[in-house]
Amino acid sequence: MLFSSVPFLFYFLPAALLIYFAAPRQLKNAVLLLASLFFYAWGEPKYMLLMLVSIVQGYGFGLLIEKHRGQKASKVFLTLSILVSLGLLGYFKYADFFLSSVNAVTGLSLPLLKLSLPIGISFYTFQVLSYVIDVYRGETAAQRNFIDLAAYVSLFPQLIAGPIVRYSDIRSQLENRMHSVEKCAYGIRRFVTGLSKKILIANVLGELIGHFQASEEKSVLFFWMYAIAFMLQIYFDFSGYSDMAVGLGAVFGFDFPENFRYPYCSASITEFWRRWHISLGAWFRDYLYIPLGGSHVKPVRWIFNIFLVWMATGFWHGAAWNFILWGLMYAVLLLIEKAWLLPYLKKHKIVGHLHVLFFVLIGFVLFDASSVADFWDCIVSMFGGGQIKPVTTESLYYLKSYAVIILTAVIGATPLPARLYGRLQKKK
């Protein structure tokens with residue numbers, strides 16, 4: 001059930017809100033849990049059991065870890081919980097990737113499992129992992145109320161596309177959160193903003209991408225239009241869902257973390273990843289990069305840490321080699337910046353902005369490619385290779401048809417609309 005769908009907007013959400021606000025305080029989390037399970041079961045009823053298994057093992061191991069804190073058994077229970085979480089994620093998301101890779105390398109013909117990917121498994125798996133790790137570290141107490149923990153993991157506003165919310169950040173809100181007309185009004189405004197990003201911009205840009213993919217007369221111009229449109233579409237789609245999640249969270253009394261802060265305004269790749277999918281970057285930093293030693297190790301180990309984290313980041317996004325290469329590309333760019341380029345980019349911000357836009361655009365072409373060979377063909381065509389025409393009548397037609405929405409998206413990806421809105425509010 002998508003946030004932008006008719007069943008969600010006109011049936012599920014009104015019913016969930018009505019029952020939630022009618023319920024007494026002590027039952028609100030139970031209502032949220034039931035609503036979230038119904039929301040998940042609507043799209044994938046057969047995989048609801050999988051999410052419940054993740055919740056139950058996180059709940060049980062969390063209690064055992066806390067009970068035996070300071071003992072070897074605590075680390076054993078943590079390891080078992082991590083293995084269960086990553087095992088389920090690996091089996092359903094990556095099994096066919098590994099099987100096909102083995103077939104390609106060895107020449108075998110191992111049958112693929114052809115499993116459909118459970119919706120939201122990457123997000124709720126990371127939330128369970130962060131919970132048990134934080135309990136092990138002593139950064140939060142284990143939750144003894146199963147309903148509260150289950151509501152946290154399955155919370156429908158951020159179940160499908162994040163942000164990745166840590167249990168330690170909203171534990172107090174799960175147990176005692178405040179509701180107000182002002183917070184609800186803010187949440188509605190934020191939800192409508194995200195819905196507008198999704199429907200009015202991302203979906204329309206998606207139409208242009210569809211026309212490009214269906215075209216038999218692609219030109220250099222059309223390839224660049226596709227690359228720019230996809231770069232803008234993925235931002236407005238993803239940040240739109242994050243806005244809707246933050247908005248819905250506020251309506252239900254939660255304060256979810258921001259996930260995007262105008263990333264295309266960055267002047268370096270380092271800054272870009274502080275603004276893009278913030279919750280994911282923070283998760284890998286705190287639960288993988290820092291435990292590996294971060295930057296407080298020898299140079300060779302530090303380089304290894306960077307590559308491992310960014311390979312994992314790419315692999316998290318999808319089970320294909322283009323996602324792994326996408327992550328490794330950012331590892332190389334970040335190492336170059338940290339080694340010598342960053343001071344220059346900070347001094348020459350215009351160059352920095354162009355540097356970010358160029359490599360992020362190339363990166364998203366790789367991200368969207370069906371294969372590495374497809375990516376290479378696209379890059380060659382963008383720069384005039386492959387014996388294609390610079391411009392065709394078809395590409396000019398679509399440029400004229402979508403110029404306004406592309407320009408709107410470019411402006412909307414900057415803080416300018418928010419600043420204008422703020423000034424209008426002050427005058428009002």
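A salt bridge here is a side-chain nitrogen of Lys or Arg within 4 Å of a carboxyl oxygen of Asp or Glu. With that in hand, take Arg-190, Lys-197, Asp-243 and Glu-258, which are linked in a network of such bridges. Keep in mind that this is a predicted model. Below is a quick tour, from charged pairs to the core, a few helices and the surface.

**Salt bridges**

- The count of salt bridges comes to eleven.
- Lys-197 and Asp-243 pair up through their side chains, at 2.7 Å from N to O. Lys-197 sits in helix α8 (residues 181–214) and Asp-243 in helix α9, so this pair ties together parts that are 46 residues apart in sequence. Both of these residues are buried.
- Glu-175 bridges to Arg-171, with their closest N and O atoms 3.3 Å apart. The two are four residues apart in helix α7 (residues 167–175), which puts about one helical turn between them. Glu-175 is partly exposed at 44% relative accessibility, and Arg-171 is partly exposed at 22%.
- Arg-275 and Glu-271 make another salt bridge, at 2.9 Å from N to O. They too are four residues apart, this time in helix α10, and about one helical turn separates them. Arg-275 has a relative accessible area of 24%, so it counts as partly exposed; Glu-271 is partly exposed as well, at 22%.

**The nonpolar core**

- The largest nonpolar core has 128 residues, and those with the most contacts inside it are Phe-8, Tyr-264, Trp-276, Tyr-330 and Phe-364. Helix α9 (residues 220–251) gives the most to this core, with 17 residues.
- Looking past its neighbours within four places in sequence, Trp-276 touches a set of residues including Ile-234, Tyr-235, Phe-238, Tyr-264 and Phe-364.
- Val-360 belongs to helix α14 and is buried, at 0% relative accessibility. Beyond its neighbours within four places in sequence, Val-360 is in contact with Met-231, Tyr-264, Ile-269, Phe-272 and Tyr-330. Val-360 and Tyr-264 are 96 residues apart along the chain, yet their C-alpha atoms are separated by 8.7 Å.

**Two helices to look at**

- Helix α3 (residues 48–67) has 20 residues and should span 28 Å at 1.5 Å a residue; its end C-alpha atoms are 29 Å apart, which agrees. Among its buried residues are Leu-50, Met-51, Tyr-59, Phe-61 and Ile-65. The buried residues of α3 pack against α2 (28–43), α4, α5 and α6 (146–154).

**Loops with a positive phi**

- Lys-114, in the loop between α4 and α5, has a positive phi of about 55° although it is not a glycine. Lys-114 is exposed, with a relative accessible area of 71%.
- His-277, in the loop between α10 and α11, also isn't a glycine but has a positive phi of about 45°. His-277 is buried, at 0% relative accessibility.

**A nonpolar patch on the surface**

- Leu-407, Ile-411, Leu-416 and Leu-420 form a nonpolar surface patch, with about 360 Å² of accessible area together.
- α16 (393–412) and α17 (416–427) each supply at least two of the patch residues. Leu-416 is found in α17 and is partly exposed, with a relative accessible area of 44%.

Conventions: Residues are numbered from 1 along each chain as its sequence is written. This is a predicted model: local features need pLDDT of at least 70, side-chain atom pairs count only at pLDDT 80 or more; totals for chains, interfaces and linings use all residues. Side-chain values use heavy atoms; hydrogens and water are left out. Patches are made of residues with over 30% relative accessible area and no salt bridge: like charges are joined within 9 Å, nonpolar side chains (Val, Leu, Ile, Met, Phe, Trp, Tyr) within 5 Å. Accessible areas come from the Shrake-Rupley method with a 1.4 Å probe; for residues, only the protein chains shown count as cover. Buried means under 20% relative accessible area, exposed over 50%, partly exposed in between (1.4 Å probe, protein chains only). Contact means heavy atoms within 4.5 Å. The expected span of a helix is 1.5 Å times one less than its number of residues. A nonpolar core is a set of buried Ala, Val, Leu, Ile, Met, Phe, Trp, Tyr and Cys residues joined through side-chain atoms within 4.5 Å.
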